[in-house]
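Subject: Structure handover

Hello,

Here is the structure I promised to pass on. Please open it first, then read my notes below.

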Amino acid sequence: MIVGKRKPIEDIVNAITGFRKVLILGCGTCVTVCLTGGDREARALARDLANGEYFEGNTPNFHVDTIERQCEWDLVETHLHLPPDTDAILSLACGAGVQTLADVFGQLPVIPALNTTFLGALDEPGVWREKCQGCGDCIVAETGGICPVSRCAKRLFNGPCGGSVEGKCEIKGDVDCAWHLIINRLKALGRMDDYEKIHPPKDWSPERGAGPRKLESAAQPELP
Amino acid sequence: MSFFRVNNKCNGCLACVQNCPANALKAADQGEERTLLHNMTLCARCGNCWRICPQKAIEFSHLLDGGWDEVASMKLVRCMICSEPLYTLDFKETVAERVAHNLEPLCPHHRQALSLTAWKHLAPALSEAKGVQK
């Protein structure tokens, strides 16, 4: 899922200072699950902003709402009802949600309250770790289901680099060496032959080399 | 309660069934009847059915706003002084069993107030016993 981290409160305060009526909008999917941008976090942020003495007597009026997905324009356009006189939206969605809101409400400033951080998975309750960088050319079939692009600090395709100690990466003690994991998994799968294959330099064009990417599904129905 | 609601514009064309990516919709044809079925557990609330429906029959707002289903109901224990809700009777019994002690149903405020009252009664006697001067 998409994992985001809330911006420091001072940054949010700076961004919304001067507005009179702000809609704080949670998003009901990824950022709800990773506990940073759902309805609870939206309400908590509104409480913090309203109760703190951040605005020198000019605290904006806050209204809180949450919509299932901020990243779908027709859903937002049809089902999100802006309170009258709203003059800014503070979005707790990922960057895709923030930009969708900005497109739908072209006349309103849309301010992100989160930093979209990574595509990750839940490792233990409350802990999400990066597992994918959306490189556009998945190779984990050859690496035991473990991604060297996102989980190796050096993005090596023919690792390990030799800097790891007892399975931990040299950059930080709590980061697993991806290639240590890959080798262990390939051994367990009886597929060490895959490890012997030399991976040629990766073609990065499916990542961002060719500019912003687009997916057009043949099965996708036409929008109304 | 179903949060997937279809209004009377639905003509049973099955565009929604064919376009549901989560297979959360199906139709059952029996005798002279076609019935549309929805499975909330499978539904991803993606809105594809609402987008695709040529009749505008799917009232998707119910899937966004929803409502509350009652899933369990049990006896409540309140503070014996102020009636503030504390916990359920079942919870009290579970805890009482574990700590082998019957809990007085008191809210934090009255628990503290009661123990202070007890100390007020006990303190003079204790001070006297220890020879503490006032």
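Predicted model: local features only at pLDDT ≥ 70, side-chain atom pairs only at ≥ 80, totals over all residues.

Start with B:Lys56. Is B:Lys56 buried or exposed? B:Lys56 has 11 other C-beta atoms within 10 Å, so it is exposed. B:Lys56 is not a glycine, yet its phi is positive, at about 55°.

Now go to B:Asn23. This residue lies in the loop that links helix 1 (15-19) to strand 1 (25-30) of chain B. What is the phi of B:Asn23? The value is near 55°, which is positive, and B:Asn23 is a residue other than glycine. B:Asn23 has 10 other C-beta atoms within 10 Å, so this residue is exposed.

**Chain A as a whole**

Chain A holds 9 helices and 7 strands. Why call chain A more spread out than a compact globule? For 224 residues the globule rule gives 17 Å, but the radius of gyration of chain A is 22 Å, which is well over that. The box filled by the C-alpha atoms of chain A, taken along the principal axes, is roughly 65 × 45 × 30 Å.

Burial comes next. Of the 224 residues in chain A, 31% are buried. As for contacts, take those in chain A with a separation of 6 or more. Residues 24 or more positions apart make up 55% of them.

A:Pro160 sits in the loop of chain A between helix 6 (148-151) and helix 7 (178-189).

**Where the chains touch**

How many residues does each chain bring to the contact? Chain A gives 9 residues and chain B gives 8 residues. On the side of chain A, helix 4 (residues 73-79) supplies the largest share, with 3 residues. By type, the residues of chain A that touch chain B are 5 nonpolar, 1 polar and 3 charged.

That is the handover. Over to you.

Best wishes

Methods:
Residues numbered from 1 in each chain as written. Chains lettered and ligands numbered in written order. Contact = placed C-beta atoms within 7 Å. Helix = DSSP H or I, 4+ residues; strand = E, 2+ residues; numbered from the N terminus. Nonpolar A, V, L, I, M, F, W, Y, C, P; charged D, E, K, R; others polar. Rg over C-alpha atoms; globule rule 2.2 N^0.38 Å. Buried ≥ 20, exposed ≤ 12 C-beta atoms within 10 Å, placed from the backbone.
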